[in-house]
Amino acid sequence: MEAESNENERSGELFEGLPLPENVEAVTARTAVAKAVADAPVRVILPKRDQVELRPMDLESLLPQGHRARLVWAWVERQDLSGMYAVIKARQGGVGRSAIAPEILLGLWLYATLEGVGSARQLSRLVLEHDAYRWISGGVQVNHHSLSDFRVAHGSVLDELLSTSLAALMTAGAVKLQRVAQDGVRVRASAGAASFRRKASLQENLEQARARVRQLKAELDADPAHDSRRKIAAQQRARREMQERIEAALERLPQLEAIKRRNGGKSEARASTTDAEATVMKMADGGFRPAYNTQFAADCDTQVIVGVEVSTSGSDMARLAPMVEQVEQRLGAVPAQWLVDGGFPAHEQIDAVADKTEVYAPVPEARTRKDEQGNDVAAADKHQPKPDDSTAVAKWRQRMATEDAKELYKLRAATAECVNAQARNRGLQRMPVRGRAKVRCVALLYALAHNLMRAVALVPELLGLGPTPSACAAGAA
């Protein structure tokens with residue numbers, strides 16, 4: 001009996017871990033449930049856009065400390081914008097809608113420039129959709145018309161802001177103005193190649209535009225209460241603007257013809273009916289397109305832009321002396337050394353700045369000559385003064401033969417080309433405006449935005465920020 005009990009205990013231990021047989025009905029029920037779940041519609045969370053929500057939030061909490069938009073605003077609020085305020089017509093006690101603060105519009109354009117945004121319509125959309133632009137605007141609604149008008153309406157103020165910001169950097173010791181590198185970057189104009197017309201075609205188009213303006217004016221005067229009065233008035237305004245652009249193109253034709261004759265061209269000169277001041281230039285890719293020649297002069301030690309100019313000439317040959325004069329007027333001083341590429345050193349330009357700065361530019365190779373028998377004659381050393389060289393040109397030739405000058409000239413590409421590349425990366429590919437004066441406003445905005453970020457790196461104390469490693473290094477230097 002005891003033996004049988006021990007045997008049962010051992011058998012229980014042997015099969016204790018095995019599952020018990022399931023009921024057939026339970027298995028069938030579970031299978032049916034699984035099939036029903038598989039055949040049922042999927043369950044997802046759908047958006048509920050009609051749900052009313054209460055979100056306590058302020059614009060100040062949208063951006064972290066040190067955000068680029070905060071840096072832009074810190075710079076803007078420290079600038080003297082009295083020139084922009086002076087032209088505002090809305091006054092206390094007067095009628096009309098209050099104007100948008102110039103700080104908002106300037107801050108938006110500077111931040112947009114840093115982010116590569118050049119379209120006023122795109123910027124107006126970003127003010128509604130992007131937290132950084134919403135923070136700068138501070139809840140103020142801004143349309144693209146206000147943004148477009150502001151960008152080109154304050155050229156003199158933007159130029160003065162560049163001068164005052166440079167003076168602050170020089171006072172802080174960040175910019176010492178020992179040497180400057182200058183270079184030009186050709187930027188596509190807002191005009192198509194098909195808009196260029198010869199004189200006969202321009203005169204014909206002008207007569208057609210004048211006739212159309214007279215016709216629309218007669219229609220408007222004949223029936224002032226017509227339903228399409230606004231449409232006719234808009235057409236009349238468009239034709240009048242076209243007439244003005246054609247007249248501007250005709251006025252510029254003599255200048256273009258003189259340039260063409262000077263360059264040895266035989267074909268008839270053409271001017272654009274879209275942007276009369278745009279000029280067809282040879283671009284970096286070898287093609288020819290309407291463009292503007294934007295000139296930047298930058299300090300070699302800090303890459304801070306100290307001069308900005310816009311030229312309608314595709315050549316840099318006559319741009320050296322005007323830029324030296326601009327920097328002198330802007331800062332009251334001229335750097336001891338001025339670095340340019342081979343397209344700048346015309347002899348008369350070197351003579352014009354000889355008493356102000358030393359020009360460092362590559363000496364062009366001497367032309368190969370042939371003797372009476374047609375054999376090549378060895379060219380003279382290009383660094384040796386020529387009989388007709390002035391004193392300044394002779395010194396320039398001899399200076400560029402030294403190893404010190406060759407080593408110093410390496411700073412030109414490291415400075416000027418870097419500044420131009422950053423402008424390209426920030427959207428300076430095609431001008432969004434027409435006319436040299438407006439194009440210069442855009443170039444000034446690029447210079448201000450560039451210098452703003454250099455100030456953050458070099459002297460952050462000017463923006464109320466703490467010192468950075470690069471600022472300490474610049475101060476030690």
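Helix α8 makes the greatest contribution to the lining of the second largest pocket, supplying five residues. Helices and strands are DSSP runs numbered from the N terminus (helices H or I, at least four residues; strands E, at least two). The model is predicted, so local features require pLDDT of at least 70 and side-chain atom pairs pLDDT 80 or more, while totals for chains, interfaces and linings use all residues. Residues are numbered from 1 along each chain as its sequence is written, and side-chain values use heavy atoms, without hydrogens and water.

**Pocket and cavity**

A pocket is an open set of points on a 1 Å grid over the protein atoms alone, with protein on both sides within 12 Å along at least five of seven lines; a cavity is a set where a 1.4 Å probe fits but cannot get out, and lining residues have an atom within 4 Å of a point. Points are joined across faces, edges and corners, and a volume is the space filled by probe spheres set on them.

Both α8 (144–153) and α11 (229–262) give at least two residues to the lining of the second largest pocket. Of the 15 lining residues, Ser-148, Pro-432, Val-433, Arg-434 and Lys-438 lie nearest the centre of this pocket.

There is one cavity of 30 Å³ or more. The largest cavity is lined by Phe-296, Ile-305, Val-419, Ala-423, Arg-426, Tyr-446, Ala-447 and His-450. Two or more of these residues come from each of α15 (403–425) and α16 (436–458), and α16 has the largest share, three residues.

In the table, nonpolar denotes Ala, Val, Leu, Ile, Met, Phe, Trp, Tyr, Cys and Pro, charged denotes Asp, Glu, Lys and Arg, and polar denotes the others, including Gly.

| Space | Volume | Lining residues by class |
|---|---|---|
| Second largest pocket | about 530 Å³ | four nonpolar, four polar, seven charged |
| Largest cavity | about 50 Å³ | six nonpolar, one polar, one charged |

**Nonpolar cores**

A nonpolar core joins buried Ala, Val, Leu, Ile, Met, Phe, Trp, Tyr and Cys residues through side-chain atoms within 4.5 Å. Buried means under 20% relative accessible area, exposed over 50%, and partly exposed in between (1.4 Å probe, protein chains only). The largest core has 102 residues, of which Leu-106, Leu-108, Leu-110, Tyr-133, Leu-158 and Trp-338 touch the most other members. Its largest share, 15 residues, belongs to α16. Apart from this core lies another of 10 residues, including Leu-202 and Ala-271.

Beyond its neighbours within four places in sequence, Leu-158 is in contact (heavy atoms within 4.5 Å) with residues including Met-84, Arg-151 and Cys-441. Cys-441 is buried at 4% relative accessibility, whereas Cys-418 is partly exposed at 26%.
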